[in-house]
Amino acid sequence: MILYDHPEMRVIGGTHRGRRLRSVGGLAVRPTSDRLRETLFNILTPKVYGSRFLDICAGSGAVGIEALSRGAAEVTFIERSRHACAVIEANLTALGITREATTINRDAAAALKRLEQESERFDVAFFDPPYASEIYGQVMKQLGSGDLLSAGAVVILEHRAKTPPEPEYGKLRIFREVKQGESALAFYEALAA
């Protein structure tokens with residue numbers, strides 16, 4: 001059993017810079033650290049502004065909120081836990097974010113299927129399941145084979161540094177990986193089918 005310490009989280013950049021965020025407490029909850037989030041957005045900067053951003057296994061919503069703070073047009077949060085969805089909504093309310101965010105309280109695979117049926121398209125997707133989760137491959141294959149991603153979309157997978165993901169999932173090809181401590185980010189680009 002892994003216990004994670006939850007230091008105070010904050011928005012790192014953009015219009016909500018410095019604002020504090022509530023986190024989701026509990027066993028096996030591992031929020032993306034401020035440092036790793038900063039690295040993520042330093043790399044993503046050209047892709048975020050005006051984008052449709054998908055935050056899968058969103059937890060407290062810190063990554064999607066960071067995207068909104070940095071100019072994303074819309075963010076869709078997918079989170080299975082009702083408690084975590086309540087924390088996302090509380091964070092959005094505290095920041096005065098209303099129209100640009102949608103929270104879906106569902107299992108990741110079911111939520112992605114619904115979004116695809118509704119012909120939704122995203123420019124950036126961030127996927128951060130619990131490290132012990134078995135849904136890594138299933139969700140990445142779903143993203144790589146479906147029509148949820150716009151041409152040239154970027155998918156970022158946060159994973160345990162010691163357990164690298166596959167180099168490709170359907171039309172998704174890895175182009176960069178960044179490691180910080182026990183965590184790592186794998187960046188995939190959606191290639192034209």
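User: Which residue stands opposite V75, and in which strand?

Analyst: V75 stands opposite A101, which is in β5. Before we go on, please note that this is a predicted model, in which local features need pLDDT of at least 70 and side-chain atom pairs count only at pLDDT 80 or more, while totals for chains, interfaces and linings use all residues. Residues are numbered from 1 along each chain as its sequence is written, and side-chain values use heavy atoms, with hydrogens and water left out.

User: What makes β4 and β5 a pair?

Analyst: Two strands pair if DSSP finds at least two bridges between them, and β4 and β5 (residues 101-105) have 5 bridges in the parallel sense. Strands here are DSSP runs of E with at least two residues, and helices are runs of H or I with at least four, numbered from the N terminus.

User: Which unit do β4, α3 and β5 make, and what does its handedness refer to?

Analyst: Together with helix α3 (residues 82-95), the strands β4 and β5 make a right-handed β-α-β unit. A crossover is called right-handed if, with the strands pointing away from the viewer, the path from the first strand over the helix to the second runs clockwise.

User: Why is helix α2 called largely enclosed?

Analyst: Buried means under 20% relative accessible area, exposed means over 50%, and partly exposed lies in between (1.4 Å probe, protein chains only). In α2 (residues 62-69), 8 of the 8 residues are buried, so the helix is largely enclosed by the rest of the structure. Among the buried residues are V63, I65 and E66.

User: How do you know that R52 and E74 form a salt bridge?

Analyst: A salt bridge is a side-chain nitrogen of Lys or Arg within 4 Å of a carboxyl oxygen of Asp or Glu, and the closest N and O atoms of R52 and E74 are 3.2 Å apart. The pair links distant parts of the chain, with R52 in β3 (residues 52-56) and E74 in β4 (residues 74-79), 22 residues apart. E74 has 34% relative accessibility and therefore counts as partly exposed.

User: What makes R160 and E182 a tie between separate parts of the sequence?

Analyst: Their side chains meet in a salt bridge at 3.8 Å, N to O. R160 lies in strand β7 (residues 149-160) and E182 in the loop between β9 (172-180) and β10 (183-190), so the pair ties together parts that are 22 residues apart in sequence. R160, at 25%, is partly exposed, and E182, at 42%, also counts as partly exposed.
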